[in-house]
Protein chains: 2
Amino acid sequence: MELDAVLEDSCARDWQTVTPDSVDEVRFAVIGLGWFTKGRALPALEKSDRCEPSVLVSSSTEKAERVAADTEGAERGITYDEFHDGVARDAYDAVYIVTPNALHLEYVETATAFGKAVLCEKPMERDSERASELRDVAAAADVDLMIAYRMQTEPTVRRARELIAGGYIGDPMSVTGDMSQRLLDRVNPDPDQWRLNETLAGGGALFDIGIYPLNTARFLLEEDPIAVTGNVSSTHEAFDDVDETVAFSVEFPGEVYAQCYASHNARQSSGITVTGTAGQVRIEPAFFQDQARQLHISRGDSRASITVTAVDQMREEFDYFADRLRGAKPIGPDGDHGLVDMRAMEAVYEAAESDRWITVD
Amino acid sequence: MELDAVLEDSCARDWQTVTPDSVDEVRFAVIGLGWFTKGRALPALEKSDRCEPSVLVSSSTEKAERVAADTEGAERGITYDEFHDGVARDAYDAVYIVTPNALHLEYVETATAFGKAVLCEKPMERDSERASELRDVAAAADVDLMIAYRMQTEPTVRRARELIAGGYIGDPMSVTGDMSQRLLDRVNPDPDQWRLNETLAGGGALFDIGIYPLNTARFLLEEDPIAVTGNVSSTHEAFDDVDETVAFSVEFPGEVYAQCYASHNARQSSGITVTGTAGQVRIEPAFFQDQARQLHISRGDSRASITVTAVDQMREEFDYFADRLRGAKPIGPDGDHGLVDMRAMEAVYEAAESDRWITVD
């Protein structure tokens, strides 16, 4: 592949199988109205011409109705209990679950009982046992389940993956990936937020952001982890319950190793690099939204840095989900895919406890 | 520290204590005339106004004299045996040892017996036991010993270190570092080269190039390793004896983790990144010679990439060594410093064997 081909083709929406005007919109019940939903998910659904945020679900009628009043396309604001009771169930085709991790399963149970397709935020659940149950519940109901890995519909990541699959870097040899942010300073100062609560979150920096380099490494290599090791640490009291920082290593088939790092206490940083026998692909910044991606590629004696216009990652993800629901192609990343990350991350915690490498079952 | 200060001051030669015209040149016996010596070390010594490559030592008189005839400032070409016998010992003040690792000790023994200062290539020796003996031999003879870590006199690395020490990135949290090259394709195609021979080299990619991210992480953090883990692999027959590729993790004090990678079979790549609570410093490319350094710094909402003119790293190193020999300041990195890397690298091999984290003694 030549450099001009890399430049010309952004891989944007290479997943598209049906055009938006040929099919019905997918109407979502959006479950959980935290800062991520309000700041990221709802604006994306408002902009989408394939999706509609028709029902908003929160802890109180008052909050749900208030957010619904501010959201274009929202018909109803209802409570979690009302959702479980089937209120407004004819007003949505699918659910987008963006609650604390430990609540994913119960909403999947209800949604699948109603025959609704499910887009479930990552990590899948608070632990692999519940994640496994979540997958089985969706399978038993025969509804579509997708885990919301927005990197998999990010055009720059898809381009990097295509380059790797096409042999541009030779045989992949190693991956380095990191994601860090100052959670309490820059994102959410609340020390009582669910992300810091082990019962609700299941894990800390690893579950919340370490999953980005982990899952993106899997996506880029098209391989799954064999074994992991790692260490976790916390320096703030707020992180007594879960890991503030994690450094972990992942062994992939063919003796390819990924060296990863994530922290809720380090300066915002994100990148992923795959080095092969013949070249290297690096995306940096990689994982945070609103930043123009930089794709750095090198091969032979050439190096190039390509700035790729930022897309609305959430809109790409929702539109892809709608495309798969309305088209004939199977949906993914599915529950089996999400479960691999759950098991790998649990193995990292086990490794951190035991100072060993742990096989990922 | 402001960005313009970062731009203005390159840290070049901030180590200088005496000017070259105020002191005598340091005359070197250069021991070992392989491609690195001929391509890198001798040209640097020729250009230096502080050093002179006065005696060249090789396996045969013919080779030593041939290279000496082509080298400005060289007075004699002698054999290894002649060197041990004290031939031309009045024609040099110091030795630069660039033989296979397992031979470093014997040349240090002879050089220190003659009271000569020693600049010894990294890694110090083929194992930590011999490295420890090497250090003791130099100490007993009361001669100056420096291990040739050229990154420690690289202006961009020194600037990054100054930024970190000055608090520019807050508290350091993590390091990622890598160095890879296609040894057989791009550097030296000989399958019989000593770097592939465990008896002569002691280790493979880790000893030869993994030591760059390891030692540079130590230098940037001003800390030494507590524990390590890692994995090694080899895919080519030529690497039956030593590791072709290594992925390793290093725990530093304060729960700072370095994730490192080195390969003699991956595309040329080199970089080191230190992420702190407030900012990030990244050097890329970092370790190979002749490439203009790029220093990428970020803090708060700012990012900058600064291109730093390439220096002759070997000349910087030789001139620094001469400055310390002729001036009053103590020399370093010394034998104790080099021994820490030897022990850390042996611990990586032990970790790779045992799938554990290994404490560095």
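Analyst: Let's start with the words "helix" and "strand": both are DSSP runs, at least four residues (H or I) for a helix and at least two (E) for a strand, numbered from the N terminus. Keep in mind that this is a predicted model.

User: Glu284(B) and Arg303(A) are on two chains; why is their pairing called a salt bridge?

Analyst: The rule asks for a side-chain nitrogen of Lys or Arg within 4 Å of a carboxyl oxygen of Asp or Glu. For Glu284(B) and Arg303(A) the N to O distance is 3.1 Å, so the pair qualifies. Between chain A and chain B the count is 2 salt bridges, and over all chains the structure holds 48.

User: How do you know that chain A and chain B touch, and how many residues are in contact?

Analyst: Contact means heavy atoms within 4.5 Å. By that test, 44 residues of chain A meet 44 residues of chain B. The two chains bury about 3600 Å² between them, with carbon and sulfur atoms giving 46% of that area. On the chain A side, the residues that lose the most area to chain B are Gln259(A), Arg267(A) and Trp357(A), together 20% of what that side buries.

User: Which parts of chain A supply that side?

Analyst: First the pairs: 20 residue pairs are in polar contact across the interface of chain A and chain B. Several strands of chain A each bring at least two residues to the side touching chain B, among them β7 (172-182), β10 (256-263) and β14 (302-308). The largest share, 6 residues, comes from β11(A). By class, that side has 11 nonpolar, 22 polar and 11 charged residues.

User: What makes chain A two domains?

Analyst: That comes from a domain assignment, which gives domain 1 (13-149) and domain 2 (155-310 + 331-359). Their C-alpha centres lie 25 Å apart. Their contact takes 24 residues from domain 1 of chain A and 31 from domain 2 of chain A. The area buried between the two domains is about 2400 Å², and carbon and sulfur atoms give 57% of it. In domain 1 of chain A, Trp35(A), Arg126(A) and Tyr149(A) lose the most area to domain 2, together 26% of what that side buries.

User: How do you know that Asp14(A) and Arg158(A) form a salt bridge?

Analyst: Their closest N and O atoms are 2.6 Å apart, within the 4 Å limit, so they count. Across the interface of the two domains of chain A the rule finds 4 salt bridges. The count of residue pairs in polar contact there is 12. On the domain 1 side, α2 (35-47), α6 (128-141) and β6 (145-148) each supply at least two residues, and α6(A) gives the most, with 4.

User: Where does the pair Glu62(A) and Arg66(A) lie?

Analyst: Both are in helix α3 (residues 61-69) of chain A, 4 residues apart, about one turn of the helix.

User: What does UniProt list for residues 26-148 of chain A?

Analyst: An unreviewed UniProt entry lists them as "domain: Gfo/Idh/MocA-like oxidoreductase N-terminal". In the model, that stretch of chain A is 41% helix and 25% strand. For residues 157-281 of chain A, UniProt (unreviewed entry) lists "domain: GFO/IDH/MocA-like oxidoreductase". There the chain is 28% helix and 39% strand, with the end C-alpha atoms 10 Å apart.

Terms used:
Residues numbered from 1 in each chain as written. Chains lettered and ligands numbered in written order. Predicted model: local features only at pLDDT ≥ 70, side-chain atom pairs only at ≥ 80, totals over all residues. Heavy atoms only, no water. Buried area = accessible area lost by both parts, 1.4 Å probe. Polar contact = N/O pair within 3.5 Å; in protein donor to acceptor, adjacent residues only side chain to side chain. Nonpolar A, V, L, I, M, F, W, Y, C, P; charged D, E, K, R; others polar. Domains from an automatic or database assignment. UniProt positions renumbered as here; feature names shortened; annotations may be inferred.
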